[in-house]
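Let's walk through this model together, one packing arrangement at a time. Have the viewer open and follow along.

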Amino acid sequence: MDHNRTPLFSALRRHAENNPLQFHIPGHKKGAGTDSEFRSFIGDNALSIDLINIAPLDDLHQPTGVIEESQKLAADAFGADYTFFSVQGTSGAIMTMILSVCAPGDKIIVPRNVHKSVMSAIIFAGARPVFISPARDGNLGIDHGITTRSVRRALERHPDAKAVLVINPTYFGICANLKEIVDLVHSYDIPVLVDEAHGVLIHFSDRLPMSAMQAGADMAATSVHKLGGSMTQSSVLNLKAGRVNPQRVQTIISMLTTTSTSYILLASLDTSRRNLAVNGQAMAEKAIALAEHAREAINAIPGLYCFGKEILGGEATFDYDPTKLTIHVRHLGITGYEAENWLRDTFNLEVELSDMYNILCLITPGDSEDTVGQLLGALRAMVERYPQVDEVQELVVKIPEIPQLSLTPREAFYGETEVLPFKESAGRIIAEFIYVYPPGIPILLPGEVISQSNIDYIVDHVEVGLPVKGPEDRSIQFVKVIVEETAIF
């Protein structure tokens, strides 16, 4: 296929150049009716293609023209049979995957460190999650992926599961042996769904881990906007035909998608696909080279550590994406959260994520020697500000065990509830989420029994300032739990 073409973006440009008289939404009408300061900043070009699904521009909900052409080009680029554009982000694509294969009461096997969108979809579907604990890295204090061995045990106990969901790569860039997991799950004739939010570049370089489509997965939700150059909130859902019905997937994604789809986001997907298909290998090579230079320089800074190939070799660490820089700061005597704030306040530098022990920096095709040099300079200054301490406390990773699931997440989410002080809620069934965002991994889910270790872990995170979110009470002082009936004697 000719990947230099951009059917949708080209149609939008032609439409804007024709300058039709518009009596349809959006009401700003090419910017004439919008705020003048905003218009001046955004520019008339962007506003001229902020359009709706009129006939010349096709309709994302039932594409038969330029959007259909653009999606076929994307499928070819990603090695899929079908590709669906998402203007609801990768969260919308992930929810589409799960709702396409799960009905009320169905089991789905998922890692515990899933994004909250997975649990949202499980609530909507009325499905029952079967959790697999990810491998825990005791040296870094982070989760990796799930192992083939743990997937095999889950399938042996739950051969009636409707799907298995895998994260590839993780937020920190680590991959298990995806091909091995896919082959195992397919031996049960069960579809494999992949959260590929942080892996768009892996489709375009043989120096990066294997992509979901290359591994033979049935569906993969891929964030083009995170690392592939499209605009925020634009992603793709890739599909291999066979175990999943593409017509049902189109129906589900349409149900979850606004009817006022953003043509600016769709155009950015169309043009980013072109850029990746034509230049993706070179883009990936540039990002890898910059990241490897940064990794070597970071590891030369006393008190900092950024893992590389030496982390590989375990069942959960089969491969990794070197463009993710996980920088371990514990030996400076500070938390990752403190490091993030110091870099922001001192150098106007923003990182992707911080946790108790690490910060995560992403190197993308948008970086250069200059931006990487500024990062390294800031890190060196941080080490001067927080010199390596003589005695570093042992890394204590006290993640609680996966709580007991007493109700399905849907039953708990819609159940009769009451509000209790969080510190007094041990033993009760929670009716809302508590998670750390980013990356959005749940600590407690609706339907789980709150343990004292859960409470202690969450309180520790809140007290050091990490972004614990989810409950209606944003201070995490109170929590919604299921009402317990008084026993009748």
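**A helix across a sheet**

Helices here are DSSP runs of H or I with at least four residues, strands are E runs of at least two, and both are numbered from the N terminus. Axes are lines fitted to C-alpha atoms, for helices over the stretch in contact, and angles between N-to-C directions run from 0 to 180 degrees. This is a predicted model, in which local features need pLDDT of at least 70 and side-chain atom pairs count only at pLDDT 80 or more, while totals for chains, interfaces and linings use all residues. Residues are numbered from 1 along each chain as its sequence is written, and side-chain values use heavy atoms, leaving out hydrogens and water.

Strands pair if DSSP finds at least two bridges between them; β17 (residues 434–436) is joined to β18 by three. To find your place, look for isoleucine 434, which stands opposite leucine 444 in β18.

Now for the helix pairs. Two packed helices are described by the angle between their axes and the distance between the axes. Helix α5 (residues 89–101) and helix α6 (residues 116–125) have axes that come within 9 Å and cross at roughly 40 degrees. The two are therefore oblique to each other, a class for angles that are not under 35 degrees (roughly parallel), over 145 (roughly antiparallel) or 65 to 115 (roughly perpendicular). On the α5 side, the contact (heavy atoms within 4.5 Å) includes Ile94, Met95 and Ile98, and on the α6 side it includes Val118, Ile122 and Phe124.

Helix α12 (residues 263–298) and helix α14 (residues 369–385) pack at about 15 degrees, with axes 10 Å apart. That angle makes α12 roughly parallel to α14. Among the residues that meet are Leu290 and Ile298 in α12, and Val372 and Arg380 in α14.

Finally, the rings. The structure holds six aromatic pairs, counted for Phe, Tyr and Trp (its six-membered ring) when centres lie within 6.5 Å, with planes under 30 degrees apart called stacked, over 60 edge-to-face and the rest tilted. Phenylalanine 78 and phenylalanine 204 have ring centres 5.6 Å apart and planes at 70 degrees, so this pair is edge-to-face. Phenylalanine 78 lies in helix α4 (residues 66–78) and phenylalanine 204 in the loop between β8 (192–196) and α9 (212–215), so the pair ties together parts 126 residues apart in sequence.
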